Amino acid sequence: MLSQQVEFNNAVLLLEKGEYLKAIDILKDTSKFLKIPSYLNIGIAYYKLNSIHNAKVYLERIYSHEAAITEDTYSYMSACYYLYLISNNQKFLKKIIQLAKTKKDLSEHSKRLIADTFIILKDYKMALSLLETMDYASDFKKGLLLIKLKDYEKANLLLTKAYESIVNLNTKDKILWFMVFSNLKSNNLEKLNDNLDLIQERKSSFEVNKELELKMFFNKNKYTPDEYFKFITKFDLNRKIDYIYYFAPYIFSDNEEIMYDSTKGFIFKDKSSLDNLDDMISYNASFLKLIKKDPIQKVAELKKMLNKDTKSYIYYNLALSYAQIDDFYNALKYFEQATKLNPGNKLYSAMTLITAIRSNATISDKDYLETNIKLKKGMYQYFGQKIYNLIINDKIGTSVEPKHYSKTIFYEALNFLPKFIDGTASLDDPLVKDNFKEPLTFLLKEVIKRKNENNFTYFSRLQDTVPLKINNNFLDGSILITQYYIDLLKALGLFDKADFSMESNITPTYLRTKALKLLYDGYPKKALNLIETLQSEYKLEDKYTMYLVVACYLDDNRYNDASVQISLIKGLLNDSDADFLTGVQLIQELKINSAKQFFLKPYLDDMIDFKIEGFDKFLESL
């Protein structure tokens, strides 16, 4: 018996060396005395030789021998594991999990096998929890599981520990590659820079990028419902600015006399303003026809009204319309024009400053505009200073009272914003109380948590009240309302249940939303055709549309076209997300020094993601 055990051990050593046929000959002999473990290793050896039929024969002998469940649990579970690899039948994995639940004192080998089973089942949380109970679990493996669970900080700690302890250079390169990937996903730009330097040092022999390619892709599930919920309740800087664009008034005078409130229509400072309105009747008559039009159509028509005698408020209205369709490059251009013609208008100055932030642009007269806003004299002083306070510097307050503008929806919206973000907004707030039928206000009202409402009741109410069918107002207005509505649906798990069809009054903005839905439904070609038609007719060069094109290309496996489109966005819009994606592509090509210059700001786009191809298979192989 002792000699048979020695022979068995020799066969196992031969297996580890890859000498499978020699191992099989010995194991067939030892199977007379050590049947189950010998059959297991014979099956594994045949599997390694790609002799699938023979492997299946020996592994099924163990699986059908139920006594092996108690006699040699590890061999039984191992047989199930390899039978799954052969057949892809999840009944074998379920059997492993079932057995694991009945065993209290699992061996290290059994724990590792069960963890591998959870990895195949993509239950990364369970796999990690099991590995953490082991004495000698791989830090590399645990680090990769933490990446899967989006805990990038802990992942970086474990991967760094693994990198420092591993001697094998090939393995170190793989760990380093995943460290870079984790840095990219978490926007840890400082660590990214350090790790890219390490790759640069190893560049002459570094080949992991060929085996595990870093690639962009359209990710329809980039964020979790919890993350989407945070987006709709705790506005980031971009959404704060978009919110201001949404509620900002149109202006109809160079003398702070006439403005157009989105819910109350024209507001006049005094009776003499009526005379001024008559003086501007030509422009106003045309604009009144446009004011309720689709935002994309409105931009096209307003642009035709420009001439050599264009007034500042005409530039401002065009700029605001551009901002509402996500075209921040042109919005900034025309806000600046308005400000130059009427430098005393603090609303124009504030809108110029926040649009420079939104478009990632540097403006030469930034200091002048900031100084101008802080001065106590000027037009729309309250609005300009309030916007500056909310977006740029919360230590600078307003130096004047809002007076007659306190009754506008813009005033109410500006005062509602900080309360909504910090969770203190209520149903008695003037914005939601007076304007509950306005589309965005309606959604914001629903998102406000009621007094004494627990989380279960809160989410149940939202799922019951957010419109899924009668939702036209959320599909064809300013881009903010559509994006907010979609994020809310995703937060509640209702995106696939919402009806995105409109039978009448088909607008360009709705067609762009329809293209997004086609993309999510798996029709990138149809989506792209629709977008290209809109671009051709309306000359759309906004960030939202251009990234939608990138997503269509990627989902249609047109990687080179997507790359070209990103270069176009980068050149045309000076967009930091396009810079980031350019850097990602350069990392894959190991053009490290060139790549490093593009990681100046965190990556924020919610459609285009990047992945390591073969990540799952590599994790399963560890």
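Q: Does K419 count as buried, partly exposed or exposed, and why?
A: Happy to start there, keeping in mind that this is a predicted model. Buried means under 20% relative accessible area and exposed means over 50%, with partly exposed in between. K419 has 31% relative accessibility, so K419 counts as partly exposed.

Q: Which residue forms a salt bridge with K419?
A: The general idea is a side-chain nitrogen of Lys or Arg within 4 Å of a carboxyl oxygen of Asp or Glu. Here the partner is D429, with the closest N and O atoms 2.6 Å apart. K419 sits in helix α25 (residues 409–421) and D429 in the loop between α25 and α26, so the pair ties together parts that are 10 residues apart in sequence. D429, at 6% relative accessibility, counts as buried.

Q: How many salt bridges are there by this rule?
A: The count is 28. One of them joins the side chains of D616 and K148, at 2.4 Å from N to O. Because D616 belongs to helix α36 and K148 to helix α10, this pair ties together parts that are 468 residues apart in sequence. D616 is partly exposed at 25% relative accessibility, and K148 is partly exposed at 27%.

Q: Which residues are linked in a network of salt bridges?
A: The network links K445, E446, R450, E453 and R461.

Q: What does the UniProt annotation say about residues 182–209?
A: The unreviewed entry labels them "coiled-coil region". In the model, this stretch is 71% helix and 0% strand, and its end C-alpha atoms are 15 Å apart.

Terms used. Residues numbered from 1 in each chain as written. Predicted model: local features only at pLDDT ≥ 70, side-chain atom pairs only at ≥ 80, totals over all residues. Heavy atoms only, no water. UniProt positions renumbered as here; feature names shortened; annotations may be inferred. Helix = DSSP H or I, 4+ residues; strand = E, 2+ residues; numbered from the N terminus. Buried < 20%, exposed > 50% of the residue type's maximum accessible area, 1.4 Å probe, protein only.
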